[in-house]
Amino acid sequence: RGSAPMTWDQIDGLAQWVAELSERYWIPITPYSVLTHAEVQPTLGIRQRWTWDITWLPDMDRPGDPIEVGNRIRALASEYLGRSHQACAAA
């Protein structure tokens, strides 16, 4: 995790920002259009090296599969996007 591990507040802020950008620029929240750097190589086949990225969330005991971690972040962002759409529909 390092000396300054990510917090849930940071992950939550990231997910909200992803939802806002997704809505503003019509970017679907999928593993091919919204992904962490750690997911680039296994998802898109583009070789990566010497990079730091999110493979460890605050409730994890050790680093995990980058795609599973990305899926959790995308799920949270999708929740925020859904809430935004519900708020617009209610207005």
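**Close-up views of a predicted model**

**View 1. Residue classes in the lining of the largest pocket.** By class, 9 nonpolar, 4 polar and 3 charged residues make up the lining of the largest pocket. The structure is a predicted model. In total, 16 residues line this pocket, and the space inside the pocket is about 250 Å³. Helices α1 and α3 are the elements that each give two or more residues to the lining. The largest share, 5 residues, comes from α1.

**View 2. Centre of the largest pocket.** Among the lining residues, L14, V18, V34, L35 and T36 lie nearest the centre of the pocket.

**View 3. The largest nonpolar core.** This core has 15 residues, and I29, L57 and V69 have the most contacts inside it. The elements that give two or more residues to the core are α1 (8–25) and α3 (66–90). Helix α3 gives the most, with 6 residues. In soluble globular proteins, nonpolar side chains tend to be buried together.

**View 4. Surroundings of I29.** I29 is one of the residues with the most contacts inside the largest nonpolar core.

**View 5. Helix α2 and the residue after it.** Helix α2 spans residues 37–44, and its buried residues include A38, E39, V40 and T43. An α-helix has 3.6 residues a turn, so residues three or four places apart point the same way. Just after α2, G45 takes a positive phi of about 75 degrees.

Definitions and conventions:
Residues are numbered from 1 along each chain as its sequence is written. This is a predicted model: local features need pLDDT of at least 70, side-chain atom pairs count only at pLDDT 80 or more; totals for chains, interfaces and linings use all residues. Side-chain values use heavy atoms; hydrogens and water are left out. A nonpolar core is a set of buried Ala, Val, Leu, Ile, Met, Phe, Trp, Tyr and Cys residues joined through side-chain atoms within 4.5 Å. Buried means under 20% relative accessible area, exposed over 50%, partly exposed in between (1.4 Å probe, protein chains only). Helices (H or I, at least four residues) and strands (E, at least two) are DSSP runs, numbered from the N terminus. On a 1 Å grid over the protein atoms alone, a cavity is a set of points where a 1.4 Å probe fits but cannot get out, and a pocket is an open set with protein on both sides within 12 Å along at least five of seven lines; lining residues have an atom within 4 Å of a point. Grid points are joined across faces, edges and corners, and a volume is the space filled by probe spheres set on the points. Ala, Val, Leu, Ile, Met, Phe, Trp, Tyr, Cys and Pro count as nonpolar, Asp, Glu, Lys and Arg as charged, and the others, Gly among them, as polar.
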